Amino acid sequence: MGLFSGLLGNAGAIDVAEVEAELASLLADGEQPEQAFKLLRDMIVFTNKRLILIDKQGITGSKKEYMSVPYRSIVRFSAETKGHFDLESELVIWLSSTTEPLRKTFSKDGNIIAVQKALATYACR
């Protein structure tokens with residue numbers, strides 16, 4: 001994924017080996033990243049055991065929040081693509097233990113469908 005694409009908010013697939021090296025200290029025994037997408041500074045990582053949402057915070061992005069979501073807790077999800085006058089598309093994930101869903105905003109539709117497909121693959125096993 002190029003810098004220009006990242007600045008526009010496009011989610012792009014990234015190399016799993018790169019993600020595995022970055023997350024090595026967080027992964028459980030036998031856990032392997034299988035697909036990963038980068039959205040500006042944030043990442044969405046699908047492992048063989050869970051979904052990991054990485055939110056880089058602050059100006060430098062050195063502060064990070066790692067949210068782990070077991071696939072079994074995903075109740076439903078939706079991907080809303082943008083229309084002619086919409087500026088953004090949105091991925092929404094409802095979890096069994098929360099009242100408010102998780103929301104990820106994309107400024108381009110491009111890979112929201114790829115992220116939704118990966119989510120369907122892992123959550124609907």
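## Aromatic rings: exercises

There are three aromatic pairs here, where rings of Phe, Tyr and Trp (its six-membered ring) pair if their centres lie within 6.5 Å. The model is predicted, so local features need pLDDT of at least 70 and side-chain atom pairs 80 or more, while totals for chains, interfaces and linings use all residues. Residues are numbered from 1 along each chain as its sequence is written, and side-chain values use heavy atoms, leaving out hydrogens and water.

**Exercise 1.** Work out whether the rings of Phe46 and Tyr122 are stacked, edge-to-face or tilted.

*Solution.* Start with the cut-offs: planes under 30 degrees apart are stacked, over 60 edge-to-face, and the rest tilted. The centres of Phe46 and Tyr122 are 5.4 Å apart with the planes at 15°, so this pair is stacked. Next, place the residues: Phe46 is in strand β3 (residues 42-47) and Tyr122 in helix α3 (residues 112-123), so the pair ties together parts 76 residues apart in sequence. (Helices are DSSP runs of H or I with at least four residues, strands runs of E with at least two, numbered from the N terminus.)

**Exercise 2.** Decide whether Phe46 is buried or exposed, and do likewise for Tyr122.

*Solution.* Buried means under 20% relative accessible area, exposed over 50%, and partly exposed in between (1.4 Å probe, protein chains only). Phe46 has 1%, so Phe46 is buried. Tyr122, at 5%, counts as buried too.

**Exercise 3.** Classify the pair Tyr71 and Tyr122.

*Solution.* Their ring centres are 5.5 Å apart and the planes at 20°, so they're stacked. Tyr71 sits in the loop between β5 (63-70) and β6 (74-80), 51 residues from Tyr122. Finally, ring pairs join Phe37, Phe46, Tyr71 and Tyr122 into a cluster.
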